[in-house]
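Please open the model in your viewer and keep the sequence panel beside it.

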Amino acid sequence: MSSPLEQALAVMVTTFHKYSGQEGDKFKLSKGEMKELLHKELPSFVGEKVDEEGLKKLMGDLDENSDEEVDFQEYAVFLALVTIMCNDFFQGSPGRP
């Protein structure tokens, strides 16, 4: 049986591939695919509606090779940044050492 961390890694990979390739390259997320991923998979972070200007800035910040898509490595950087933000947020929570 997989450990919780191994399961989490598998979810990160399968989530990327669930959305990538719906439009064009099956190994990259287009702006539309990224928008759908954010809306469906991270609703607590984006709210009811994904902010178009925020999405445009996010895509620009993540898109290291300027191809206007997010590949898996760029997606992994995004997840690392979100994880760091969550860690920082929860460090101030009551009950933390």
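## A loop to begin with

Select S66, which is exposed, with a relative accessible area of 63%; here buried means under 20% relative accessible area, exposed over 50%, and partly exposed in between, with a 1.4 Å probe and protein chains only. S66 is found in the loop between α4 and β2, where helices (H or I, at least four residues) and strands (E, at least two) are DSSP runs numbered from the N terminus. The phi of S66 is near 55 degrees, a positive value in a residue other than glycine. Most residues other than glycine have a negative phi. E68 lies in the loop between α4 and β2, and its phi, near 65 degrees, is again a positive value in a residue other than glycine. E68 is exposed, with a relative accessible area of 68%.

## What kind of model this is

This is a predicted model, in which local features need pLDDT of at least 70 and side-chain atom pairs count only at pLDDT 80 or more, while totals for chains, interfaces and linings use all residues. Residues are numbered from 1 along each chain as its sequence is written, and side-chain values use heavy atoms, with hydrogens and water left out. Colour the chain by pLDDT, the predictor's confidence in each residue from 0 to 100: the chain averages 90, and 95% of the residues score at least 70.

Next, select residues 52–62, helix α4, whose buried residues are L55, M59 and L62. They cover an arc of only 75 degrees around the axis, which puts them on the same side of α4; the arc is that of the directions from the helix axis to the C-beta atoms. The face turned away from this buried side carries the exposed residues E53, K56 and K57. Show the surroundings as well, and the buried residues of α4 are seen to pack against β1 (28–29), α2 (31–41), β2 (70–71) and α5 (72–91).

S30 is found in the loop between β1 and α2, and at 9% relative accessibility it counts as buried. Leaving aside neighbours within four places in sequence, S30 is in contact (heavy atoms within 4.5 Å) with E23, M59 and E69.

## Aromatic pairs

A search of the whole structure finds 4 aromatic pairs, counted where the ring centres of Phe, Tyr or Trp (its six-membered ring) lie within 6.5 Å, with planes under 30 degrees apart called stacked, over 60 edge-to-face and the rest tilted. The rings of F16 and Y75 have their centres 5.0 Å apart and their planes at 50 degrees, so the pair is tilted. This pair links distant parts of the chain, with F16 in helix α1 (residues 4–19) and Y75 in helix α5, 59 residues apart.
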